[in-house]
Amino acid sequence: SEVTRLLARGDAHRSSETRDECHTLLLLSVGDTGMLMLISLASIDSGPMVETGRPPQLSDSVIALGKCLEAMALPKKLPPPVNESLLTSLLAPALGVPSS
């Protein structure tokens with residue numbers, strides 16, 4: 001299918017050195033108002049390590065995503081802190097926050 005072809009094309013542009021060090025997002029418009037988001041999160045247990053033992057930007061974005069999900073799961077709904085990372089900013093519409 002067209003989606004599979006586009007995913008393969010994008011994946012081919014990632015080098016083997018960076019494959020585990022970056023997130024991949026594919027945003028597809030569906031009709032006039034819908035959007036399908038396909039997301040592949042980078043592995044936070046590989047890549048360049050720092051003194052904390054984790055890749056800084058990757059794990060920070062995954063931690064920020066976790067904070068957003070936790071906020072959404074609370075009985076008293078709090079707005080997800082989508083501005084904590086580029087990943088969560090891009091996912092803001094899927095997290096129920098209008099994109100700015």
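This is a predicted model: local features need pLDDT of at least 70, side-chain atom pairs count only at pLDDT 80 or more; totals for chains, interfaces and linings use all residues.
Of the 100 residues, 22% count as buried. The accessible surface comes to about 7000 Å², and carbon and sulfur atoms account for 60% of that surface. Among contacts between residues at least 6 apart in sequence, 31% join residues at least 24 apart.

Strand 1 (residues 24-30) and strand 2 pair in the antiparallel sense, over 7 bridges. Within this pairing, T24 stands opposite S40 of strand 2. The hairpin that the two strands form has 3 residues between them, and G31 takes a positive phi near 65° in this hairpin.

Inside the protein, the largest nonpolar core has 9 residues, namely M37, L65, C68, V82, L87, L91, A92, L95 and V97. L87, a member of this core, is in contact with H23, L25, L41, S61 and L65 once neighbours within four places in sequence are left aside. T88 is found in helix 3 (residues 86-90). Its relative accessibility is 0%, so T88 counts as buried. Beyond its neighbours within four places in sequence, T88 is in contact with S61, A64, L65, C68, P81, V82, N83 and L95; L65, C68, V82 and L95 are also listed in the largest nonpolar core.

Because its relative accessibility is 11%, and buried means under 20%, P80 counts as buried. Although P80 and C68 are 12 residues apart along the chain, their C-alpha atoms are separated by 4.4 Å. Not counting residues up to four places away in sequence, P80 touches C68, A71, M72, L95 and V97.

What, finally, of the charged side chains? A search of the whole structure finds 2 salt bridges. In one, the side chains of R5 and E2 meet at 2.6 Å, N to O. These two residues are 3 residues apart in helix 1, so they are separated by about one helical turn. R5 counts as partly exposed at 44% relative accessibility, and E2 is likewise partly exposed, with a relative accessible area of 47%. In the other salt bridge, the side chains of E84 and K67 meet at 3.2 Å, N to O. Because E84 lies in the loop between helix 2 and helix 3 while K67 lies in helix 2, this pair ties together parts that are 17 residues apart in sequence. E84 counts as partly exposed at 44% relative accessibility, and K67 is partly exposed with a relative accessible area of 37%.

Technical notes. Residues are numbered from 1 along each chain as its sequence is written. Side-chain values use heavy atoms; hydrogens and water are left out. Helices (H or I, at least four residues) and strands (E, at least two) are DSSP runs, numbered from the N terminus. Buried means under 20% relative accessible area, exposed over 50%, partly exposed in between (1.4 Å probe, protein chains only). Contact means heavy atoms within 4.5 Å. A nonpolar core is a set of buried Ala, Val, Leu, Ile, Met, Phe, Trp, Tyr and Cys residues joined through side-chain atoms within 4.5 Å. Two strands pair if DSSP finds at least two bridges between them. Accessible areas come from the Shrake-Rupley method with a 1.4 Å probe; for residues, only the protein chains shown count as cover. A salt bridge is a side-chain nitrogen of Lys or Arg within 4 Å of a carboxyl oxygen of Asp or Glu.
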